[in-house]
Amino acid sequence: MQIEAHGLGKRFVREWIFRGLTHTFRPGTATAILGPNGAGKSTLLNTLSGQLLASEGTLAYSRDGQKVAVENVPPLLAYAAPYLELIEELTLTELLQFHIRFKPLRPGFSPARLIELMYLDKSRHKLVRDFSSGMKQRLKLALALYSHAPLLLLDEPTTNLDRAGVAWYQEHVRATLAGRLVLVSSNVPEEYDFCQEQLNITDFGAQAAR
Ligand SMILES: Nc1ncnc2c1ncn2[C@@H]1O[C@H](COP(=O)(O)OP(=O)(O)OP(=O)(O)O)[C@@H](O)[C@H]1O
């Protein structure tokens with residue numbers, strides 16, 4: 001998956017969040033989107049993935065040299081972020097079975113395998129509502145990392161994770177990078193130290209929370 005942004009800008013009402021962003025995000029690369037709180041990292045991720053409409057500029061998506069229309073991006077996208085909700089009324093097993101009907105897992109992976117990888121065997125029949133915040137984050141990450149999707153967006157991926165959880169993230173993000181376009185929004189080096197590229201959103205007019 002490749003994303004070409006040209007002169008990209010996003011404004012909420014009269015406030016420009018970023019402007020003039022021209023960059024090609026190439027397949028098989030991982031880019032860290034850096035910047036202070038409130039600068040617009042999440043807004044940029046959502047704009048790049050077509051979930052928010054850009055206020056100016058253009059975005060072009062392609063996969064294996066073929067153009068991809070913006071409305072066809074969602075099935076190609078796996079996304080983990082603090083503001084994306086899990087279905088709390090389901091048990092872990094029910095949630096995985098429901099989720100994979102819309103977002104299949106990578107070939108060779110099953111819900112049972114994912115539960116093992118997350119070390120959540122004892123919680124397979126527990127309601128997601130009753131998970132700790134760290135367990136929920138590990139679940140969100142596993143669903144994104146192990147989805148069969150060529151575009152992976154990770155927004156503040158170690159939110160709520162303890163040391164063991166951070167080590168788990170680092171192991172599994174590296175295990176699932178190959179061939180994907182990965183964008184990580186972060187302020188924490190341990191979340192993005194595998195990224196070959198860095199893009200600082202303040203270079204495009206963004207400012208800290210105001
Ligand atoms: N839907 C919206 N309407 C109006 N303003 C918005 C909207 N979404 C975000 N903003 C504003 O855009 C700016 C950037 O927010 P964003 O969440 O993208 O920053 P961030 O860099 O991801 O922050 P953090 O590091 O704190 O998560 C903030 O000033 C925020 O209030």
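Start by selecting Ile100: it has 18 C-beta neighbours inside 10 Å, so it counts as partly exposed. (The scale runs like this: 20 or more other C-beta atoms within 10 Å of a residue's own makes it buried, 12 or fewer makes it exposed, and anything in between is partly exposed, with C-beta atoms placed from the backbone.) Before you click on, note that this is a predicted model, where local features need pLDDT of at least 70, side-chain atom pairs count only at pLDDT 80 or more, and totals for chains, interfaces and linings use all residues. Residue numbers start from 1 along each chain as its sequence is written.

**Around Ile100**

Ile100 sits in helix α2, residues 92-102. (Helices here are DSSP runs of H or I with at least four residues, strands are runs of E with at least two, and both are numbered from the N terminus.) Leaving out residues up to four places away in sequence, Ile100 touches Leu105 and Pro111; a contact means that the C-beta atoms, placed from the backbone, lie within 7 Å.

The buried set is Lys41, Leu44, Leu45, Asn46, Thr47 and Leu48. To see what covers them, show the strands: β1 (2-12), β2 (15-25), β3 (30-34), β4 (56-63), β7 (151-155) and β8 (181-186) are among the covering elements. Just after α1, check Gly50, which takes a positive phi of about 80°.

Next, pick the ligand. Around it you'll find Phe12, Ile17, Gly35, Asn37, Gly38, Ala39, Gly40, Lys41, Ser42 and Thr43, where a residue is near if its C-beta atom, placed from the backbone, lies within 6 Å. Which element gives the largest share of that shell? That's α1, with three residues. Colour the shell by class and you get three nonpolar, six polar and one charged. (Ala, Val, Leu, Ile, Met, Phe, Trp, Tyr, Cys and Pro count as nonpolar; Asp, Glu, Lys and Arg as charged; the others, Gly among them, as polar.)

**Helix α5**

Jump to residues 163-175, helix α5, where you'll find Ala175. Is Ala175 buried or exposed? Exposed, because it has 11 C-beta neighbours inside 10 Å. From Ala175 to Gly57 the gap is 118 residues in sequence and 34 Å in space, C-alpha to C-alpha.

Now show Trp168, Tyr169 and Val173, the buried residues of α5. They cover an arc of only 120° around the axis, so they fall on the same side of the helix; the arc is taken from the directions between the helix axis and the C-beta atoms. That buried group packs against α4 (133-145).

**Zoom out**

Finish with the whole protein chain, which has six helices and nine strands. Its C-alpha trace spans about 50 × 40 × 30 Å along the principal axes. Buried residues make up 33% of the 210 residues. Among contacts between residues at least 6 apart in sequence, 74% join residues at least 24 apart.

Note on methods: Two residues are in contact if their C-beta atoms, placed from the backbone, lie within 7 Å.
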